[in-house]
Amino acid sequence: MTEPVLSIANANLSLDGNAGQVDILHDISLEVTAGETLGLVGPSGSGKSSLLMLMGGLEQATSGQITALGQDLTAMDEDQLALFRRDNMGVVFQSFHLIPTMTALENVATPLELAGAKDAFDRAKAELEAVGLGNRVDHYPNQMSGGEQQRVALARASAPRPRILLADEPTGNLDETNGQAIIDVLFGLRDRHGATLIMVTHANELANRCDRVVRLRDGRIDAPVAKAAE
Ligand SMILES: Nc1ncnc2c1ncn2[C@@H]1O[C@H](COP(=O)(O)OP(=O)(O)O)[C@@H](O)[C@H]1O
Ligand SMILES: [Mg+2]
């Protein structure tokens, strides 16, 4: 019953860089419960994005175990991970990964169609309206600002109502009004659909709304803090 939605046990991540092996994450253990909102904070280069990638199965841990919704991500191959994400996880990257040949509407509708939704385009339009982009549905990514692309990426991630949403600095490129719209969409997923939210953020406003904040430093979890105070 109280089984965590996401569980990381003694995870390490090393990557091969030009100058040899780089140790990026050290002995990370963390559990996130259903409906929890977790903020990941810490200085630039501390490993926040890398940890989010591990949680999404987008990067393979060098050692340790990562379990999401009771399934061992470290035992899945790429195809199984892709299916798992399609059915359970929304991911908003720092570089939005929108499909350049698709309009905003098509970008948001595509995962809904893949999930078999019959009203994919209507839902995609509503989702874009929720992030304040009702007037940009027919625009292509290169016709939109960074902040607008970021909002399309969030609409795309949240439209299928994922049980887990991972977002890397989701308000990073936004002014106050649009940042607030994004925060409302994020917390709406939790409040209305019970989603578990894990968000990397530098924004105090967002971190302060999280149930819990975990701080990284040099690839390790720092002493726990109740609320962000950067
Ligand atoms: N593909 C990679 N190869 C080698 N080093 C990397 C790679 N990706 C990230 N790093 C390094 O890992 C560390 C953590 O990066 P990152 O997770 O992006 O931190 P943050 O998101 O907190 O700024 C940094 O020192 C970065 O240079
Ligand atoms: Mg980062």
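## Helix packing, sheets and nonpolar cores

The buried residues of H4 (buried meaning under 20% relative accessible area, with exposed over 50% and partly exposed in between, for a 1.4 Å probe and protein chains only) pack against H3 and H5, where contact means heavy atoms within 4.5 Å. The model is a predicted one, in which local features need pLDDT of at least 70 and side-chain atom pairs count only at pLDDT 80 or more, whereas totals for chains, interfaces and linings use all residues. Residues are numbered from 1 along each chain as its sequence is written, chains are lettered from A and ligands numbered from 1 in the order in which they are written, and side-chain values use heavy atoms, with hydrogens and water left out. Helices (H or I, at least four residues) and strands (E, at least two) are DSSP runs, numbered from the N terminus.

In H4, the buried residues are Ala120, Ala124, Glu127 and Leu128. They span an arc of only 100 degrees around the axis, which places them on the same side of H4; the arc is that of the directions from the helix axis to the C-beta atoms. Just after H4, a positive phi of about 80 degrees is taken by Gly132. In helix H1 (residues 48-55), the buried positions are Lys48, Leu51, Leu52, Leu54 and Met55. These cover an arc of only 155 degrees around the axis, which puts them on the same side of H1.

Two open sheets are described here, strands being paired if DSSP finds at least two bridges between them. One has four strands in the order S2-S1-S4-S5, with antiparallel pairing. Strand S2 (20-32) and strand S5 (71-72) stand at its edges, each with a single partner strand, so one side of each is left without a neighbour in the sheet. Strand S1 (residues 6-17) pairs with S2 in the antiparallel sense over nine bridges, and S1 and S2 form a hairpin with two residues between them. Within this pairing, Ala11 has Ile28 of S2 as its bridge partner, while the partner of Leu13 in S2 is Leu25.

The other sheet is built from six strands in the order S6-S7-S8-S3-S9-S10, and its pairing is mixed. Its edge strands, strand S6 (89-92) and strand S10 (220-221), each pair on one side only. Strand S3 (residues 37-41) and S8 run parallel and are joined by four bridges, with Ile198 of S8 as the bridge partner of Leu38.

A nonpolar core is a set of buried Ala, Val, Leu, Ile, Met, Phe, Trp, Tyr and Cys residues joined through side-chain atoms within 4.5 Å. The largest such core contains 38 residues, of which Leu128, Val152, Leu154, Leu186, Leu197 and Met199 touch the most other members. At least two residues of this core are supplied by each of helix H3 (104-114), helix H4 (120-130), helix H5 (146-158), strand S7 (164-168), helix H6 (176-193), strand S8 (196-200) and helix H7 (204-209). H6 provides the largest share, six residues. Leaving aside residues up to four places away in sequence, Leu186 touches Leu154, Leu165, Pro170, Leu197, Met199 and Leu206. Apart from this core lies another, of 30 residues, including Leu38, Leu54, Met55 and Val200.

Arg209 lies over the face of Phe187, at 4.3 Å from the ring centre; a charge sits over a ring if NZ of Lys or CZ of Arg is within 6 Å of the ring centre and within 35 degrees of the ring normal.
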